[in-house]
Amino acid sequence: MNPKAIKTLEFDKILNILETYCSTYLGRALVHSTNISSKIDIIQKRLEETTQIQELIIHLGNIPLNEIKNISSSLKKCNIGGTLSCEELLNIGHILKLIQDLKTYIKENKYLSNTDILIYFNNLLAFKSIEDLIFTNILDEESINDKASSELNRIRKNIRQKENKIRDTLSNYISSPTYSKYIQDAIITIKNGRFVIPVKQEYKNNIKGLIHDTSSSGSTLFIEPNNIVSMNNDIKELQLQEEKEIAKILFDYSQKINSISAEIQSNLKNIGQIDYLSAKAKYSLQYNMFQPNLSENKYINLINAKHPLIDTKKVVPISLEISINFNCMIITGPNTGGKTVTLKTIGLLTLMAQYGMHIPAKSNSTICIFKEIYTDIGDEQSIEQNLSTFSSHMTNIISITEKADTSSLVIVDELGSGTDPVEGAALAIGILEYFNELNCLTICSTHYSELKTYAMSKSNILNASTEFNIKTLKPTFKLRIGIPGKSNAFAISEKLGLNTSILSNASKYINKSSFDFENVLTKISLQQDEAEKIKKNIQAEYSKIKTNSEYLEKEKLKIENAKETLITNAKSEAQNIILNAKNEMNELLNEIYASKNKSNTDIQKIKTKINEKTNKDLNELTKLKSIDSNKVNVVDIKDLTINQIVFIKSLQKEAKIINITKKDIKVQLDNISTNIEIKDIELINNINAKKNSNIKFSLQTTSKNIPTSINVMGLTVDEAIYEIDKYLDSAYVAHLGIITILHGKGTGKLKTAIHKYLKDNKYIKSYRIGGYNEGQDGVTIIEIK
């Protein structure tokens, strides 16, 4: 992309802002080294990566990135056998820790899978052992831990012992009655790396030793007594050993770094890419940007697009669509009305998208991809070349005509200005004709009325204008597509108070066709305003309909959920009724079997109780059953009447009919009215409920009509257990004693389930697998209590 367009459209300022969102020097370098692409696959990948990392940040929070040092020279040093300093090792350690933090961060990712950005995280190689080694043993930029090696630990221990011994010896001098009077201050200090004591100048001969230094006044001499010289020498030797051991340790660590140098460099590339993408994502989130759609067919559709360098509180969004049928858009309107901002917004957002950034426009906006963008915007008068404003612009236009082709975007502000209006307008039309034939996309602004009429005479040139509020005498900065703008010179002058006689006289000098044209523009503008109002009303109505539709969907979902709950509760209640009935019946039956001495009358009373209880439970079950079965399937429209209560199958709820047509039925459901198809309606019928209420139960079971075996082969586990449960009730009442269950061998699953059921059944005294002549594993023999 040519540098002139980048500077004119101020894309360099966008990059400077983007740079501030980077955390590392690696990300900042990528901001300025990444090129503006014209290949749609590359641009699409960049945009998708920005979107993906944005989603990651939204779900997991900001990526744990922080500033790191440039370690390129350190890696080169250890590569040629050099030794890294403590500071250099710590810098590398911080990078290794950052890698570990990024690996930990991405482990929490449950939102993105198989996405492009994961490769940057997955390719990071952590070296936890080396990281721990550095931070454990390198204490700061100048210090190493004693335990970095056993030899270093031994040497430093000896040094401390020697130093303590020297301190004890020198303390004797300071505290001794004999020598204390010779001492200037009761302190032990170090001069030239050796322990000394401060002695008064006049007593220098009273303490034998080596003089290492003198105070600035000359009154104090720093003397190393003779009896500690050998110990100071020992310390000096140990310190040389210490330096040697430290050098050895640092060299060893440097070699470890060198062994992973290639991996570290690869990690740095991935860190830079993550930081760079994170910066684009954070910039996008900060300014509410979105990923645009891409087009290669000269199609642009910007929805509420904003210039990113204008204060968000002041910028007015623009919307425009340039379809593939147009090669040019001409924008007209008053000065300071937003024409130049519109041109720059289109160009700048195109550069941002082709760079791989989100744009400050609503989602579903579309940006066209261009190989080059050429601009002629603003006052580019060249004093050095002694060119006028017109000459400067024309020189630039000539350069554009020589370079532009069908894949170019040409943006020109005030085309043909700076010279005689008649000639300027003619030149502008000629230049637009050239670009039109070239088949490139041209967007320009102008004040010339000739260009407005020229655009209206061409099917592939689009008129647009910036609005101006006559009442306030201020531009609205809104862009109107499809109609040219008025100059408003007379209206503005009148509003400002210019004498009406002057205006009347001036109007005589306006060409009648021009005057008529301006009047037509006024009518068109008014009609468009009216159309906009109608459009807004339609959108408002649509929004209401959509809201009501969503409400109905929610209500339908509530009804569906209520239906499920109702059926579930009914089944649960039915199950409880059955279980309670069985328990009560068993208690009554136990009374019968325990009442050998009772009269037939007493036994008959107990049987009557059982019949009454059973009939009561059956009635309860019938009511529950009516929830699902109290309907008739066949419905004829002739059977339906207004205010009739019917059952809606899809909603599983009753509703009242309020209107009937051939296609559908309108019903009232709670506070909602809706249309229902006839096939979705069932008539409510209470006959079944009445019939079922007459069901009676009598205890007539005897051993004569109960078989001594039951066959459940081919049934599922649930079906088999249900049948066996009913059979055992009857067998127990009939006192069968020994019964047989035929379940077959198969996989053994059915037999296992049956045995598990029999184990806890209170009717069963014992059970076993069948014998040789009884069916073996295919049957179970049961003894009833």
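Tutor: Buried means under 20% relative accessible area, exposed means over 50%, and partly exposed lies in between (1.4 Å probe, protein chains only). The model is predicted: local features need pLDDT of at least 70 and side-chain atom pairs count only at pLDDT 80 or more, while totals for chains, interfaces and linings use all residues. Residues are numbered from 1 along each chain as its sequence is written, and side-chain values use heavy atoms, with hydrogens and water left out.

Student: Why does Asp-146 count as partly exposed?

Tutor: Its relative accessibility is 23%. That value falls between the 20% and 50% limits, so the middle class applies.

Student: What makes Arg-156 and Asp-146 a salt bridge?

Tutor: The term needs a side-chain nitrogen of Lys or Arg within 4 Å of a carboxyl oxygen of Asp or Glu. Here the N to O distance is 2.6 Å, so the pair qualifies. The two residues sit in distant parts of the chain, 10 residues apart: Arg-156 in helix α9 (residues 150-175), Asp-146 in the loop between α8 (128-137) and α9. Helices here are DSSP runs of H or I with at least four residues, and strands are E runs of at least two, numbered from the N terminus.

Student: Is Arg-156 buried or exposed?

Tutor: Buried, because 12% is under the 20% limit.

Student: Which other residue does Asp-146 bridge to?

Tutor: Arg-160, with the closest N and O atoms 3.2 Å apart. Arg-160 is in helix α9, 14 residues from Asp-146. Shared partners join Asp-146, Arg-156, Arg-160 and Glu-242 into one salt-bridge network.

Student: How many salt bridges does the rule give?

Tutor: The count is 19. Another one pairs Glu-10 with Lys-13 at 2.8 Å between the closest N and O atoms. Glu-10 has 18% relative accessible area, so Glu-10 is buried. Lys-13, at 41%, is partly exposed.

Student: How many disulfides does a search of the whole structure find?

Tutor: 0. A disulfide would need a pair of cysteine sulfur atoms within 2.5 Å. Cys-78 is buried at 1%, and Cys-86 is buried at 7%.

Student: Why is strand β10 called largely enclosed?

Tutor: Because 4 of the 5 residues in β10 (residues 372-376) are buried.

Student: How do you know that β10 pairs with β11?

Tutor: Pairing takes at least two DSSP bridges between two strands. β10 and β11 (residues 408-412) share 5 bridges, so they pair. The two strands run parallel. Tyr-374 stands opposite Val-410 in β11.
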